[in-house]
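The entries follow in the order I looked things up.

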Amino acid sequence: MSLVFMIPGPLRELAGGCAEVRVERVEDTAGSVSEALSLLWAACPAVRDRVLTELGEVRPHVNVFVDGQNIRDAGGLAAPVRDGSEIYILPAVSGG
Amino acid sequence: MPEIRHVSPRDGDVLLLVGTMKGAFLFRSDAGRGTWEMGGPYFPGSAVYAMAYDGREGRHRLWAGPHSMHWGGLLRSSDDFGQSWTNPEEANVKFPEGTGAALKQIWQIIPGRDSEPDRLYCGVEPAALFVSDDAGGAWSLMEGLWNHPQRPRWNPGGGGLCLHTILLDPADPERIRIAVSAAGMYATEDGGSTWRPSNHGVRADFLPDKYPEFGQCVHKVVQSRQRPERMFLQNHWGLYRSDDRGESWTDVANGVPSDFGFCMAIHPQDPDCAWIMPLESDQFRCAPEGRLRIYRTRDAGASWQGMTEGLPQTDAYETVLRDGMAVDPLSPTGVYFGTRSGKLFGSADEGESWSELADGLPPVVSVKAARV
C-alpha cells in the first residue's frame, strides 16, 4: 500500500527538499492517519515536531487533509487512509 | 521571503538582539554607540520573545526562541552572528510525557553563571523552567517548580501563563528567583529543588485579597550584580524595591506618572540606578499624555526623573513590553528599548539623551544588549 504526503513549503528543507514524500505500508489493509504519519516521521523525522505537539496532537494552526477531506471532520488522527491516498499537510489560514 | 542582511561584529562592539512578532534583528555598533547597522530579519514570520548572547568561555553564541504560529517553537543558536542557525531535528524544549502540557512559547533564555559555562536556563509558557547542562544541546524540565503545590492555582495574565524572568544570584549558585504572570515571584535556595513564593508587600489589585502569598501579576524583576540583595520589581500596578533579595518589598513609586508598566532595567554597576517606562493605566497601556518618557532613579527609588531628550513628546502612544528594555555593560551605560509600534531607541549616556535606532520594525517584544 502506497501513500503520498504533500509537504508544505516551510517544511521542505526538513524533508530533503521534497514537495512530495511517498511512503509504503507493508500491510495491505487500510490504516489510520496516525499510522501513516508514523511512516512519514520515519522518512523525515524533523517534520514530526513541527506538525504535532508533544501531546501527539496536530498543532492548532496546521491542517491535514486526506484525499481532500480535513481530518478534523473525519475522526482526527484516527481517520482512515486507503491505498493511494494523498495526504496534504498545510498551514491554516491564520496570522496577523 | 525578505532578503536577510548580516552584521559582522568585532571584539568590543555592542550588539543588540531585538525580538519582534515577525522575526529577529541584530544591531551592531562600536563602543561609541553613535551609529548602528542592522542585520535580519531572522526567522521571518515567527514571533521571537526570547533572545540571549552567550559570551562565556570565548563563545560568540546567539540564542533565539522563534515560535511559528503554525509549526511551533524551539531554541536555535548561531555561532556566526546569525549567518547560520541550528535547526534541531527534534524540538529541544518540550514537556515530558506525563505532564499533560505542551509548549506554547519560549519567553526567556539566560546563560548560567560564569562558573557554570555549559548551563543555560529557559522560561516558557505554560509557566515552567527548563535547564541545560550541555551548552543547550539537551534540556530538561525543572520538576521542583513544575510540581509546586501552588502551580495549579496560578492564573494566566494577558500574555499567557508565562515564566518570563530568571534571576541567577551572582553571589550564591544555589539561589534563583523567577517571576510568572500571574503567580508572582518564586525563590529557591537549593538550586531549584524547592521553591517558595516571595511576594511580601506586593499588591494584587485584581484580587479580593490585595496582598496574597502568591498570584501577583509581576511584569519584570531586576537584580543588582554588585549588591544582589537589591532588586526592583515592576508590577501590574506597583513599583517596588527590595533590599533583602525579595523577602520583602517596599513601594517606591515616588514621582512617576503611573506605577503601571512592563519593562525595567537596572544599572550594571550602580545598585541605586534603574530605568522604567510608566504606562497610562492597565486599560490604555500607552505612554501617559502621549509623551514617551523613560524614568530613571539614581537613589534607589526615592525619586524618579523623566528622561525626554530625543524622545517624541507629542502623540507618542507607545508601549514597551516586559522584555523590551535592556542595558549594555559599558560605562557610561547604554540603555535601549523597543516599542510595540516597531521603534527602537538607544541612549549612550544612561538615558540623558536618546536616538531612534530604527523605525518600522514589527512589534518589538524583546531587547537584549551585550558586548562582544
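Entry 1. I began with E57(B), which counts as exposed because it has 10 C-beta neighbours inside 10 Å, and the cut-off for exposed is 12 or fewer. The model is a predicted one, which I keep in mind throughout. E57(B) lies in the loop between strand 4 (47–54) and strand 5 (61–68) of chain B. Its phi is positive, about 55 degrees, although E57(B) is not a glycine.

**Entry 2. Another positive phi.** I then looked up W237(B), which is not a glycine either and has a positive phi of about 75 degrees. W237(B) is in the loop between strand 17 (231–235) and strand 18 (239–242) of chain B. Is W237(B) buried or exposed? I count 20 C-beta neighbours inside 10 Å, so W237(B) is buried.

**Entry 3. Cis peptide bonds.** I looked for cis peptide bonds in chain B and noted the one from E125(B) to P126(B), with omega near 0 degrees. P126(B) sits in the loop between strand 9 (120–125) and strand 10 (128–132) of chain B. I also noted a cis bond from S331(B) to P332(B), where omega is near -5 degrees. P332(B) belongs to the loop between strand 24 and strand 25 (335–338) of chain B.

**Entry 4. The sheet that includes strand 24.** I followed strand 24 of chain B into its sheet. This is an open sheet of 4 strands in the order 24-25-26-27, with antiparallel pairing. Which strands are at the edges? They are strand 24 (325–327) and strand 27 (355–358) of chain B, each of which pairs on one side only. From one strand to the next the twist averages 25 degrees. I checked one pair in detail: strand 26 (residues 344–347) and strand 27 of chain B are antiparallel and share 3 bridges. Within the pairing, G346(B) stands opposite S355(B) of strand 27 of chain B.

**Entry 5. A buried loop residue.** I moved to L75(B), in the loop between strand 6 (72–73) and strand 7 (76–78) of chain B. L75(B) is buried, because 23 other C-beta atoms are within 10 Å. What does L75(B) touch, leaving out residues up to four places away in sequence? I list W63(B), G65(B), N92(B), V93(B), I106(B), I109(B), C122(B) and G136(B). I also took one distance from L75(B): its C-alpha atom is separated by 23 Å from that of G191(B), and the two residues are 116 residues apart along the chain.

**Entry 6. Chain B as a whole.** I counted 2 helices and 28 strands in chain B. The C-alpha trace spans about 50 × 50 × 40 Å along its principal axes. The radius of gyration of chain B is 19 Å, which agrees with the value near 21 Å that a compact globule of 372 residues would have. Of those 372 residues, 52% count as buried. Among contacts in chain B with a separation of 6 or more, 50% join residues 24 or more positions apart.

**Entry 7. Chain A as a whole.** Chain A has 2 helices and 7 strands. In what order do the elements of chain A run from the N terminus? I read β-β-β-α-α-β-β-β-β. The radius of gyration of chain A is 12 Å and the globule rule gives 12 Å for 96 residues, so chain A is as compact as a globular protein of that length. Along the principal axes, its C-alpha atoms fill a box of roughly 45 × 30 × 25 Å. Buried residues make up 25% of the 96 residues. For contacts in chain A with a separation of 6 or more, residues 24 or more positions apart account for 55%.

**Entry 8. Helix 1 of chain A.** I looked for buried positions in helix 1 (residues 33–43) of chain A and noted V33(A), A36(A), L37(A) and L40(A). Why are these on the same side of helix 1 of chain A? They cover an arc of only 100 degrees around the axis, which puts them there. The general rule is that an α-helix has 3.6 residues a turn, so residues three or four places apart point the same way.

Notes. Residues are numbered from 1 along each chain as its sequence is written. Chains are lettered from A and ligands numbered from 1 in the order in which they are written. This is a predicted model: local features need pLDDT of at least 70, side-chain atom pairs count only at pLDDT 80 or more; totals for chains, interfaces and linings use all residues. The arc is that of the directions from the helix axis to the C-beta atoms. The radius of gyration is taken over C-alpha atoms; the globule rule is 2.2 Å times the number of residues to the power 0.38. Two residues are in contact if their C-beta atoms, placed from the backbone, lie within 7 Å. Two strands pair if DSSP finds at least two bridges between them. Axes are lines fitted to C-alpha atoms, for helices over the stretch in contact, and angles run from 0 to 180 degrees between N-to-C directions.
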